[in-house]
Amino acid sequence: MERYETYPAAARALWTTRIPKTGTTLSDSEIYALLAIDEARMAAEYYCEIVDGIEDAIDPLEHDAKGTAHITAIRMESAAWERELWHSAAQQTGTAEKFLIMASFAQGQSAASPQTRQAEATIATLERKARATKAALEPYRTGRKPQAYGVFKKALITIAREADSFDVDVVMGYIDQIYDEPIENIRITDVINDQVHYVDLRKNLEKSIAVKDLKAALHQLSRI
């Protein structure tokens, strides 16, 4: 955009570079609308990443043992990456809205007006500053990132892979064979009253997980 001064001109140049046979017949308004769609799609992906990260962080296998303390820990660990993703999503949403306004303004016009060019230049400047700020803050990002599993879920992934199945009956049968063997920082000690008892070797804490929650976790992991 900085080279060609306007987004439509840049889009047409890119189009002929990627598809040399013919140029685009899209109007300026339609190009702005497509840009708005793309920004909205990226915003949606950020929001989905937030939801996926929170769902992954809320580990039912740990919640039963820790209760409220587990939820508090989740809030502390997820705050940093959730805030960053939310900011990015809001930024993409705002850019999509600006492109929609520009699409409406450009409708019926054959060329971009000075006002539209000024709006484009402002958007480009804001995007450069946002990228620079994000890069500068990256070293200070903290907290558990999405897909950062708890100790038991990591062990469960290893167990399922060794059992060659995410079916709860197969996994439980395999667990019967590995009592007292350390796996990914846990050691399973017993299964009593539909509860799998294990020791968190990092913290030397005894915990237990209901088989029904184990089944739910296996189902979730099998889809990853």
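A nonpolar core is a set of buried Ala, Val, Leu, Ile, Met, Phe, Trp, Tyr and Cys residues joined through side-chain atoms within 4.5 Å, where buried means under 20% relative accessible area, computed with a 1.4 Å probe on protein chains only. The structure is a predicted model, in which local features need pLDDT of at least 70, side-chain atom pairs count only at pLDDT 80 or more, and totals for chains, interfaces and linings use all residues. Residues are numbered from 1 along each chain as its sequence is written, and side-chain values use heavy atoms, with hydrogens and water left out.

The largest nonpolar core contains 25 residues, and Leu156, Ile159 and Leu214 have the most contacts inside it. At least two residues of this core come from each of α6 (151-163), α7 (168-175), β2 (186-192), β3 (195-200) and α8 (211-222). Such helices (H or I, at least four residues) and strands (E, at least two) are DSSP runs, numbered from the N terminus. Helix α6 gives the most to this core, namely 8 residues. A second, separate core has 8 residues, including Tyr7, Phe99, Met102 and Ala106.

The strands may be considered next. Two strands pair if DSSP finds at least two bridges between them. Strand β1 (residues 182-183) runs antiparallel to β2 and is joined to it by 2 bridges; Ile183 has Ile186 in β2 as its bridge partner. These two strands form a hairpin with 2 residues between them, and Glu184 in the turn has a positive phi of about 50 degrees.

Strands β2 and β3 also run antiparallel, joined by 6 bridges. Asp190 has His197 in β3 as its bridge partner. The hairpin of β2 and β3 has 2 residues between the strands, and Asn193 takes a positive phi near 50 degrees.

Key
Buried < 20%, exposed > 50% of the residue type's maximum accessible area, 1.4 Å probe, protein only.
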